[in-house]
Amino acid sequence: MKSSVTAFPARMGAWIWRPLCMALLCVCMAATPLSWADSAPALPASAFTLSIDAPQGIAEGLMRHLELQRYKDVQDLDDTELKRLIDAADIQARELLATWGHFSPRLDWRTESTPGPGAPRTIHLQVSPGPLARVQAVQWVFQGHLQESEKHQAQRQALQQNWALQPGQAFTQEAWSDAKSASLRQLTAEHYPLGRWLRTEARVDTASHQVIVELSMDSGPEVFMGPVVIEGDERYGVEQARRLANLPVGRSYRQTDLLEAQQRLVLSGFYDTVFVSLDTSGPANAMPVRIELRETPLQRWQLGLGVRSDTGPRMTVEHTQHRVPGLNWRAVSKLSVDRLLQSASLDLLAPPDESQWRWNLSGRIAQQDFSGYTVASQRFRGGRTQLNERMDRSYYLQYDMAHNSGLLNGVQESISVNYAWTWRRFDSLPFPNSGWGLGLEIGAGTSLGSERMPFTRSHGKALWLVPVGTQGHRLSLRGE
């Protein structure tokens, strides 16, 4: 009992004295003349502020790029140092305005001091940029094979027509650099990968605000593709990569040929990464093409799980064997199961020959439940196919069988011969922005059994891409 009576006042004391101490501390802090604001260090005022009176784009550019802004927080700037900084800023501002196409601007600098000790000064800059310089004439000089070749006269004319800074257009440093880069890319993309600028000059008449552009371009020799050098092949062989690349020795160089070869190799499914480049250290009449590969694994498994609103859960399993032992064909097996449809398929595809033609075999069995009856079907197909950038072609023989357990109980069979084309005319692949594609398939066959009925079939589809605006949007029109 004594211990409990003794502990109780101790806890009571803690409850009483702790609030009293906190209250006393608050009173002392309130009575102390030192405040939090007094104890915090004062932020130094700016040495000067800069005000620019100019058209909006020019004012923003000068405010962003003038190095004078870096010294606005330096506190010990005297009048002499400030004048030196303003003189340097005047030179820089004129250089910046020249890059934006204004070669005869008028700049008016004025400094004002604000009354009061330590008050920052204000620097006013008034800019009259003057007229924007424009291109008066463009003079071209070609050297190298392009100047001598009649065969590539159209390429020479295209370089002149596609030059970005035509007479009458505004001349700026950014437009000047972009135009030179674009013309050099255009030259080196076809026949002349060693092309270069010999001299580029823009002569500005500040009095008339006119610019005369002089361009001297050396195409170098015409380059022809030599042997293809394959690196990184381990599983699928050099010959397959060479056939898929389809880069004939002796063809005049075109950058698009290398890009299309790279695309064919990637889309074949045998390679994860492909780099195709021209070895410019070789001779111009047979410059080697180097292809660096990273191959995909021999086998790949894919498992898919999903739910459909009308059939419920769905599962797919797909297995790819890129090189079937003993056959060297690719085999793709697929199993798909849901409540109403169950199917299994096998597709075999041979490596391409010298003409890019491939043999292909496929088979599919399926069973589908409808209201009141079930259809079991089989389809087997064999033929050849050729895939190119602009056109695909294929022909095949197809056998179809269907067994209907409903009112039309029985087996129906047919055999047909089919031919298919696909044409593509897009601005770029594999991500086009404009152009069109057309697919057409025709076939003829007959039913099998006691009563044979001949038939024909046709299937067409089309795609048209129309650019919309300048932000990469497009309108896609499809028909089938």
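Colleague: In what order do the three strands of the open sheet come?
Modeller: The order is E1-E3-E2, with mixed pairing. Strands here are DSSP E runs of at least two residues, helices are H or I runs of at least four, and both are numbered from the N terminus. Two strands pair if DSSP finds at least two bridges between them. This is a predicted model: local features need pLDDT of at least 70, side-chain atom pairs count only at pLDDT 80 or more, and totals for chains, interfaces and linings use all residues. Residues are numbered from 1 along each chain as its sequence is written, and side-chain values use heavy atoms, leaving out hydrogens and water.

Colleague: Which strands sit at the edges?
Modeller: Strand E1 (48–53) and strand E2 (106–113), each pairing on one side only. On average, neighbouring strands of this sheet are turned by 15° against each other, direction ignored.

Colleague: And how many bridges join E2 to E3?
Modeller: Eight, with E2 and strand E3 (residues 121–128) running antiparallel. Glu112 stands opposite Thr122 in E3.

Colleague: Which strands does helix H3 touch?
Modeller: Helix H3 (residues 56–65) packs on the sheet, touching E1 and E3, and its direction makes about 155° with that of E1. Contact means heavy atoms within 4.5 Å. For the angles, axes are lines fitted to C-alpha atoms, for helices over the stretch in contact, and values run from 0 to 180 degrees between N-to-C directions.

Colleague: What about H4, which strands does that one lie across?
Modeller: Helix H4 (residues 79–99) lies across E1, E2 and E3, at about 155° to E2. The buried residues of H4 include Leu82, Leu85, Ile86 and Ala89. Buried means under 20% relative accessible area, exposed over 50%, and partly exposed in between (1.4 Å probe, protein chains only). The cover over the buried residues of H4 includes E1, H3, E2 and E3.

Colleague: How far apart are the end C-alpha atoms of H4?
Modeller: They are 30 Å apart, which agrees with the 30 Å that 21 residues should span at 1.5 Å a residue. The expected span is 1.5 Å times one less than the number of residues.

Colleague: Switching to H9, which residues are buried there?
Modeller: Asp257, Leu258, Ala261, Gln263, Arg264 and Leu265. Among what covers them are strand E7 (225–231) and helix H8 (238–245). After H9 comes Gly269, whose phi is positive, near 90°.

Colleague: Now the rings. How many aromatic pairs are there?
Modeller: The count comes to 16 aromatic pairs. Rings of Phe, Tyr and Trp (its six-membered ring) pair if their centres lie within 6.5 Å; planes under 30 degrees apart count as stacked, over 60 as edge-to-face and the rest as tilted. Phe171 and Trp176 form a tilted pair, 5.7 Å centre to centre with 45° between the planes. Phe171 counts as buried at 4% relative accessibility, and Trp176 is buried at 7%.

Colleague: Tyr395 and Tyr419, stacked or tilted?
Modeller: Stacked: 6.1 Å centre to centre, 20° between the planes. Tyr395 lies in strand E16 (residues 391–404) and Tyr419 in strand E17 (residues 410–426), so the pair ties together parts that are 24 residues apart in sequence.

Colleague: Which ring does the charged end of Arg381 sit over?
Modeller: The ring of Tyr396, 4.1 Å from its centre. The charged end of Arg384 sits over the ring of Trp359, 5.0 Å from its centre. The rule is NZ of Lys or CZ of Arg within 6 Å of the ring centre and within 35 degrees of the ring normal.
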